[in-house]
Amino acid sequence: MTTTAPRAPRPTLDGALGPFTDDRPCAAWGLRVLATLLDSALVATVVFVATGASPTLASLPGLGKPGGAGGAAWTAGTLLVLGVLQAYTGMTPGKRVAHVAVVDDRTGRPIGLPGTVLRWFAHVLDAILLIGYLRSAFRTDGRTFADSLLGTVAVRTTAPPPHPLVARLRRARDARAPWLRWPRQVTSGVALVLCAAAAAASVTSSSGGSFQTSEAETTCAGRGEMSATARIGTSRETQWDSRWGISHITRQHWQVGSAWTVGEEGDPGADPDAAAATARLTVRGPDGLSYFAEQATPGGPSEDVGEGSDLWWSEDGTVAEAVVDVPEDVSGWTVHAVLVDGRGSVLAECTAPAPGVDADPYPS
């Protein structure tokens, strides 16, 4: 018969305060949630101002999104700064505002950068169905899975015992430059202002869009068997997000359209070849990149361009039209418009520069 020896408790360091004291009780779950939301708002605001991306719940791994490639880099950089603050002070700005500090359960001190990084990645376990985060709400010690693995607890304080590195730096400062000391209330005030500004930016965020067209379309007289004229125009669609009056474009694309008319009176019935006409349109950039489209007139050649047309203008006597989508600004690009009959024979063609769109993408 075998017996199992009782598990020895973790050794306690000299001068240890233990996980909780009267001055540092267990932090309430709601305060930890508040701190997470404030830190996420701070990260999102920094990333939005820098790149226009909008990460969500970025302070919790496994939840939310970083906001694209550029947003991911800024998100990682901002999280690193917050991680260093928590590693050596026990608090991020959000935690400081919520009066929450993450400390070692034996010494009551911040756990340093390696432990903080490991704890952050360990939160991936907590993110699975949110079980780990919810677990901390029902435990007397408030531990998530990450806390249990790394031996940490969240306490309600803004003044945990200093990390050894911070303690040495403070002693050096007091000996050489005591004038650099400032009240703890100043640090808390700065954190409060930053978190309040970030929260306000998140609450007041908005989005919008606009559609602008070239101020004047280009008229291009066709060369070929038929007396035809192509009208060429450009449009731009813009979508943006705004926070605190700062706007960033999130999506923008251009369209180039052509509409062919024939005869002096613009009467397509004057030429039987126009009855089965098709427009071909090629838009080519200075670097040789090109986009192509081919389509006939919606509703038949004898009717005005109206419902069902991709063009943003209407013109009497249109026999064929085409619209090309382009993902970048077409200023300085070349447009080649061709009108062909039902057999594919060229009736008319012309080449002209794409008219630019100079309107403000953020109309008042």
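Buried residues are those under 20% relative accessible area, exposed ones those over 50%, and partly exposed ones those in between (1.4 Å probe, protein chains only). The structure is a predicted model, in which local features need pLDDT of at least 70 and side-chain atom pairs count only at pLDDT 80 or more, while totals for chains, interfaces and linings use all residues. Residues are numbered from 1 along each chain as its sequence is written, and side-chain values use heavy atoms, with hydrogens and water left out.

**View A. Salt bridge between Arg32 and Asp147.** The closest N and O atoms of this pair are 3.0 Å apart, a salt bridge being a side-chain nitrogen of Lys or Arg within 4 Å of a carboxyl oxygen of Asp or Glu. Arg32 in helix α1 and Asp147 in helix α6 (residues 145-150) are 115 residues apart, so that the pair links distant parts of the chain, helices being DSSP runs (H or I, at least four residues) numbered from the N terminus. Both Arg32 and Asp147 are buried.

**View B. Salt bridge between Arg119 and Asp147.** Here the closest N and O atoms are 2.9 Å apart. Arg119 lies in helix α4 and Asp147 in helix α6, so the pair ties together parts that are 28 residues apart in sequence. Arg119 is buried, as is Asp147.

**View C. Salt bridge between Arg143 and Asp105.** In this pair the closest N and O atoms are 3.2 Å apart, and both Arg143 and Asp105 are buried. A network of salt bridges links Asp105, Arg139, Asp141 and Arg143.

Technical notes
Helix = DSSP H or I, 4+ residues; strand = E, 2+ residues; numbered from the N terminus.
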